[in-house]
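Please read these points with the model open.

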Amino acid sequence: MKLLQGNKKPKEDEGNKTEGPLASNTGFKRKTRKSVLLLRAVQSLKNRTTTLAGKVSTATKKSLASLDPRTREQLNQIKTMADTVDDAELVLKIMKNNTSNPTIQARACEKLSNIAVRESQGLVHLGTIEVLVKAMEKFPKNANVQEFACQLAWNLAVIDEHKQLLADKGVLELLCLAMDNHKSKISVLHKAIGAIKLLSLIDKAKEQLVNDGAIEKIVEVMQNYAKEESDTAEFQETCLDCIQNFAFGKTLAPRLYDLGVSSLILDVMKKYEEAEDIQSSGCAALWNVALGITEENLIELTELGATNRLIYALKTQSENQRVVLHAMGALKNHSRVSESIGLIKEKAKNSDMDISNVYDIIMQAYYAHQEDNNIRRIGEELLSEFDDEDDDEVSTAEAKQVGTLTINQTEAQIRDPFADLEATAGGDDDMDDY
């Protein structure tokens, strides 16, 4: 079936580009991800839970016993406090009275980061950012302090007005320093990149982060962990979100492309093919990168397998609205050069991913979410571009009467907070022994 939406697209021009998304403005939180790797990990650990718990308990008792009585008392005091702003003032007081104690600084930052999930505004008014900065400056080589200080910065940065405050107080440089000092500590890197992801949403902070070499640091981290066999999906998702935000606006896309970020994105998407969040973030990052690079680069990306990966995401995640939107947006920007459409079809036909029927894959995803304005607009443009000219032609209105797919109504109701805008929006380890 052929869905017509005007004439075939012209050669590339600025008006033919589709503006990309920003990652969601959310703080750090542990989350459960349904993936093959995670399920395998849970199964393999199931029979060892009691033994491991006993070992951890013994190790914790030994480490606590090595601390002086006053430190143990204050750690217990922090631990038993509720995650409310009412207790935050006492936590900050304990931090100020123990500026030379890294164990207390780390635990206090962890407690404050938990409070910040609900009470971020109140924490800032109490002077939390200043105390945070002092802790990071005092203990740059202490992984526990840096991890939970970065986590606190991440959660505070959820509030837009806090982003500039954190930047003005010097947190940007400290986040980059934490990445330099703890390249082998994934928990520190994860929290630092998470904070950078949110701070890069404001132009002034983004410019400073670029000047501080944040982009190169994040790409280096992705390269270092590209061959990691353990499940690092949440960490990789945060990296993808960060790349997505830096690539937004086209200016930095060529720089990211030259650093080889595209192949890193594709590697992560391939490793976690069943992880919806990874696919969504990866497609969004490719969307923004494709928007700012040259026609020649777009052809290179298609040869690299980017469009095959996007089409595969559309096929396997057709019921996920965010994945569909981001995959369609990225595919639209990859196909904005008329000459590339034939190459995209050829690459899909020769792929071992069973995606040769590109038009049908787009059609299925389109009908699953045609109530979304952005998906409907981009989807109709893609369907027009990928129509085979020898098919029977029907009008757009007639095609829409064919019927819709059954979809999960709960997921269908999930809306991106920026879904109605042209620029749509996309986005551990426990502390070591004392």
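1. How much space lies in the second largest cavity? About 60 Å³. The model is predicted: local features need pLDDT of at least 70, side-chain atom pairs count only at pLDDT 80 or more, and totals for chains, interfaces and linings use all residues. Residues are numbered from 1 along each chain as its sequence is written, and side-chain values use heavy atoms, without hydrogens or water.

2. A cavity here is a set of points, on a 1 Å grid over the protein atoms alone, where a 1.4 Å probe fits but cannot get out; lining residues have an atom within 4 Å of a point. Volume is the space filled by probe spheres set on the points.

3. Lining this cavity are Met 179, Asp 180, Lys 183, Leu 189, Lys 217, Glu 220, Val 221 and Asn 224. Helices H9 (171–181) and H12 (214–224) each give two or more residues. H12 provides the largest share, 4 residues. Helices are DSSP runs (H or I, at least four residues), numbered from the N terminus.

4. Why is helix H18 (residues 306–316) largely enclosed by the rest of the structure? Because 9 of its 11 residues are buried (under 20% relative accessible area, 1.4 Å probe, protein chains only). Among them are Arg 309, Leu 310 and Tyr 312. The cover includes helices H17 (295–304) and H19 (321–334).

5. Mean pLDDT (the predictor's confidence in each residue, from 0 to 100) is 81 for the protein chain, and 76% of residues reach 70 or more. Over residues 1–15 pLDDT is below 50. Residues 390–434 also stay under 50.

Technical notes
Buried means under 20% relative accessible area, exposed over 50%, partly exposed in between (1.4 Å probe, protein chains only). Contact means heavy atoms within 4.5 Å. On a 1 Å grid over the protein atoms alone, a cavity is a set of points where a 1.4 Å probe fits but cannot get out, and a pocket is an open set with protein on both sides within 12 Å along at least five of seven lines; lining residues have an atom within 4 Å of a point.
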